[in-house]
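Good morning, colleagues. I would ask you to look at the sequence and the structure on the screen, and I shall then take you through some selected contacts.

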Amino acid sequence: GELIEVQDIIGSKRPDEKSIVTYVAQLFGVFAGSMQMEKHQKAVERAIMIARNHAKWIDDYNTNGKALKEWMANKRDHFNEVALPNTLADVERELDGFRAYRNEEKPPKRANLTEIEGTLNLLQSSCRNNNRPLYTPPAGLTLDDLDGDWHALEDAERDYQARMRAH
């Protein structure tokens, strides 16, 4: 039958039961559809948030990894190519510079490497937890590459110190 209007329900002592059930079922359908749409909307919003986070972490990893890699290469080149000083004053100045590097400049860079590792671990965990493909850093920027660069820098430092002592 036809649906009754709200005024027909209010104005009647005993409205048609089938009409009331049909009316309530339609209302339920509208609300259920709305709730389902809201659920889908929240899922899309969550997916967008995850994608944005992943993009930010990838950008942070690559940007910070490249900057650290460049710093390590510059320092390694410096230690490998620096001319040994000729005077006692120059030796003292060079050693003071090296101490400042070891005590002031290098420790924050080591912290950067740890932060870069943490960023990649956070990204990979999020990828696994959200059924996304794991991120593969570009060649030269993997954690193994960065760790290898760090060790090469430390080797260059040791060689530099040995050359200074032998000088």
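Arg99 and Asp96 both belong to helix α3, where three residues, about one turn of the helix, separate them. Their side chains form a salt bridge, with an N to O distance of 2.6 Å. Arg99 is partly exposed, at a relative accessibility of 44%, and for Asp96 the value is 44%, which also makes Asp96 partly exposed.

The mean pLDDT of the protein is 90, and 95% of the residues reach 70 or more. Which element has the highest mean pLDDT, and which the lowest? Helix α3, residues 88-129, has the highest, at 96, while helix α1, residues 6-10, has the lowest, at 69. Where pLDDT is low, the predicted coordinates should not be read in detail.

Let me return to the salt bridges. How many does the protein contain under the rule applied here? The count is nine.

One of these pairs the side chains of Glu105 and Lys75, at 3.2 Å from N to O. Is Lys75 buried or exposed? Lys75 is buried, because its relative accessible area is 19% and the cut-off for burial is under 20%. Glu105, on the other hand, counts as partly exposed, at 30% relative accessibility.

A further salt bridge joins the side chains of Glu157 and Arg102, at 3.3 Å from N to O. Here, too, distant parts of the chain are linked: Glu157 is in helix α4, residues 143-166, and Arg102 is in helix α3, 55 residues apart. Glu157 is buried, with a relative accessible area of 2%. Arg102 is partly exposed, at 34% relative accessibility.

I turn now to helix packing. Helices α2 and α3 pack with their axes 9 Å apart, at an angle of about 155°. Angles over 145 degrees count as roughly antiparallel, and α2 and α3 are therefore roughly antiparallel to each other. The crossing of α2 past α3 is left-handed. Sorted by class, the contact between α2 and α3 comprises 14 nonpolar residues, seven polar residues and six charged residues.

Two individual residues remain. The first topic is Arg158, which is located in helix α4. Arg158 is partly exposed, with a relative accessible area of 47%. In sequence, Arg158 and Phe79 are 79 residues apart, and in space their C-alpha atoms are 9.1 Å apart.

The other is Asn131, in the loop between α3 and α4. What is the phi of Asn131? Phi is near 55°, a positive value in a residue other than glycine. Asn131 is exposed, because its relative accessible area is 73% and the cut-off for exposed residues is over 50%.

Thank you for your attention.

Note on methods
Residues are numbered from 1 along each chain as its sequence is written. This is a predicted model: local features need pLDDT of at least 70, side-chain atom pairs count only at pLDDT 80 or more; totals for chains, interfaces and linings use all residues. Side-chain values use heavy atoms; hydrogens and water are left out. pLDDT is the predictor's confidence in each residue, from 0 to 100. Helices (H or I, at least four residues) and strands (E, at least two) are DSSP runs, numbered from the N terminus. A salt bridge is a side-chain nitrogen of Lys or Arg within 4 Å of a carboxyl oxygen of Asp or Glu. Buried means under 20% relative accessible area, exposed over 50%, partly exposed in between (1.4 Å probe, protein chains only). Axes are lines fitted to C-alpha atoms, for helices over the stretch in contact, and angles run from 0 to 180 degrees between N-to-C directions. Angles under 35 degrees count as roughly parallel, over 145 as roughly antiparallel, 65 to 115 as roughly perpendicular and the rest as oblique. A crossing is left-handed if the near helix is turned anticlockwise from the far one by less than a right angle, and right-handed if clockwise. Ala, Val, Leu, Ile, Met, Phe, Trp, Tyr, Cys and Pro count as nonpolar, Asp, Glu, Lys and Arg as charged, and the others, Gly among them, as polar.
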